Amino acid sequence: MKKVISILLVAMLVVSFAACGAGDGDKKTESTIASPVELLNTVWASYEDAEKFPAAGGDMTEANQNMEGPGVYGLENVEGFTATTHFPAESIAKIDAAATLMHMMNANTMTVAAYHVVEGTDMAALADEVKTSVMATQWMCGFPEKLVIVTVEDYMVSYFGNGDVVDTFTGKLTAAYASAEVVVDEAIVA
């Protein structure tokens, strides 16, 4: 009798575990990142003081400008945003929030932009659009060596600059977010 009860209890336990797992594949995974600036702040905070470069972020509005790290970049000024980040103007409707981090001595040494991508957007196609825009840029005041684009949940991070500085950022970003996937890592050629 004890064996029968034990078998029934095990069977009920297996059925209950199966029921708990049913439908999990249908659930949309919610982002654990609150905003593009939070994403960049997390990466920036992982830098040791000796690794940090003089950096500023955000747009030039008083509310968003940060002279010590990442800042929110409002999307109202599309021309300024695309000039700063080289994000394609025709793709602006595919994102709804952004943040930036730039090397203060020369933006071509390092410029980082993080975007929250609108639900339903083809991330691979958007990454290709950003890559095409950056690669088509006529550079002044220095020439960036490398472009990297990373997806993290429903965010995209694109950055270009000096190869060593870019590689360090990639290491910090992928260490901070297990879901980070490098989708572009290419040299920028003249």
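## Notebook: pocket, threonine and cores

I began with the lining of the largest pocket, and by class I found four nonpolar, six polar and two charged residues there. A reminder to myself: this is a predicted model.

**The pocket.** Next I looked up which residues do the lining. Ala-56, Gly-57, Gly-58, Asp-59, Met-60 and Thr-61 are among them.

**The whole chain.** I then stepped back to see the overall layout. I counted five helices and seven strands in the protein. Reading along the sequence, I wrote down the pattern α-α-β-β-α-β-β-α-β-β-α-β. Of the 190 residues, 41% are buried. I also checked how far apart in sequence the contacting residues are. Taking the contacts with a separation of 6 or more, 63% are between residues 24 or more positions apart.

**Thr-137.** Where does Thr-137 sit? I found it in the loop between α4 (123-135) and β5 (146-152). Is Thr-137 buried or exposed? Its relative accessible area is 15%, and the cut-off for buried is under 20%, so I put Thr-137 down as buried. I looked for its polar partners as well. The side chain of Thr-137 makes a polar contact of 3.1 Å with the side chain of His-86. A polar atom of the Thr-137 side chain also lies 3.1 Å from the backbone oxygen of Ser-133.

My last stop was the nonpolar interior. In soluble globular proteins, nonpolar side chains tend to be buried together. Here the largest nonpolar core has 25 residues, and those with the most contacts inside it are Leu-39, Leu-40, Val-157, Tyr-159, Phe-169 and Leu-173. Which elements give two or more residues to this core? My list reads α2 (36-45), β3 (95-103), β4 (110-117), β5, β6 (155-161) and α5 (163-176). The most come from α2, which gives five residues.

Notes: Residues numbered from 1 in each chain as written. Predicted model: local features only at pLDDT ≥ 70, side-chain atom pairs only at ≥ 80, totals over all residues. Heavy atoms only, no water. 1 Å grid on protein atoms, 1.4 Å probe; cavity = no way out; pocket = protein on both sides within 12 Å on 5 of 7 lines; lining within 4 Å. Nonpolar A, V, L, I, M, F, W, Y, C, P; charged D, E, K, R; others polar. Helix = DSSP H or I, 4+ residues; strand = E, 2+ residues; numbered from the N terminus. Buried < 20%, exposed > 50% of the residue type's maximum accessible area, 1.4 Å probe, protein only. Polar contact = N/O pair within 3.5 Å; in protein donor to acceptor, adjacent residues only side chain to side chain. Core = buried A, V, L, I, M, F, W, Y, C linked by side-chain atoms within 4.5 Å. Contact = heavy atoms within 4.5 Å.
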